[in-house]
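This report covers strand pairing and salt bridges. The sequence and structure come first.

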Amino acid sequence: MSVAFTKEESAETASETLLPDRPISPHPNLVTEAGWKALELQLDQARKAYDAASTIEDVNERRRQAASPLRDLRYFAERLRTAQVVPAPTSTEAVAFGSTVTFARKDGRVQTYRIVGEDEADPKAGSISYVSPVARALTGKAVGDVVNVGDQELEIIAIA
């Protein structure tokens, strides 16, 4: 039977439960070991949320509550399936995936970021994605090197 012939509430519920998949980046899914563990944790949380929603008796409410966890389950399962764990860098001679880089801006600000995978990046917490313009410009460079990102000049002052 078409949704058009059901209660209006059911039509609303049907549209709410058809969430589009979360976009998957076209870049290789590089992750740190901590990033791998975070993906596993997020998948487990999505699974628990879906299981909890599955116990709701009202079918419309069950669909509504399960939609987001189901979408997250698909996303995190795919991200774990395609994840490539990159070991921590063994050298501090050049910026690499997993490095923590401190740089000075021309305006005097000093910033420190760890270069990580896309899913684990959180600039406010001090990590940026390896595909970000800043990380791309810094990768392969050494202490003392100056790079330009847009109209910004960044000088690398430490690599850890």
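## Strand pairing

In S5, serine 127 is the bridge partner of arginine 114. Strands here are DSSP runs (E, at least two residues), as helices are (H or I, at least four), numbered from the N terminus. S5 covers residues 127–129 and pairs with S4 in the parallel sense, over three bridges. Pairing requires that DSSP find at least two bridges between two strands.

Arginine 114 also stands opposite threonine 100.

## Basis of the model

The model is predicted: local features need pLDDT of at least 70, side-chain atom pairs count only at pLDDT 80 or more, and totals for chains, interfaces and linings use all residues. Residues are numbered from 1 along each chain as its sequence is written, and side-chain values use heavy atoms, leaving out hydrogens and water.

## The hairpin turn

Four residues lie between the strands in the hairpin of S3 and S4. Glycine 108 takes a positive phi there, near 100 degrees.

Aspartate 107 forms a salt bridge with arginine 109. Their closest N and O atoms are 3.0 Å apart. Aspartate 107 is exposed, at 52% relative accessibility. Arginine 109 is partly exposed, at 41%. The classes follow relative accessible area: buried under 20%, exposed over 50%, partly exposed in between (1.4 Å probe, protein chains only).

The structure holds seven salt bridges. The term means a side-chain nitrogen of Lys or Arg within 4 Å of a carboxyl oxygen of Asp or Glu.

Aspartate 119 and arginine 79 form one, with closest N and O atoms 2.6 Å apart. This pair links distant parts of the chain, 40 residues apart. Aspartate 119 sits in the loop between S4 and S5, and arginine 79 in helix H3. Arginine 79 is buried, at 2% relative accessible area. Aspartate 119 is partly exposed, at 26%.

Aspartate 21 and arginine 74 also meet in a salt bridge, at 2.7 Å, N to O. This pair too links distant parts of the chain, 53 residues apart. Aspartate 21 lies in the loop between helix H1 (8–16) and strand S1 (30–31), while arginine 74 is in helix H3 (residues 59–82). Aspartate 21 is exposed, with a relative accessible area of 52%. Arginine 74 is partly exposed, at 36%.
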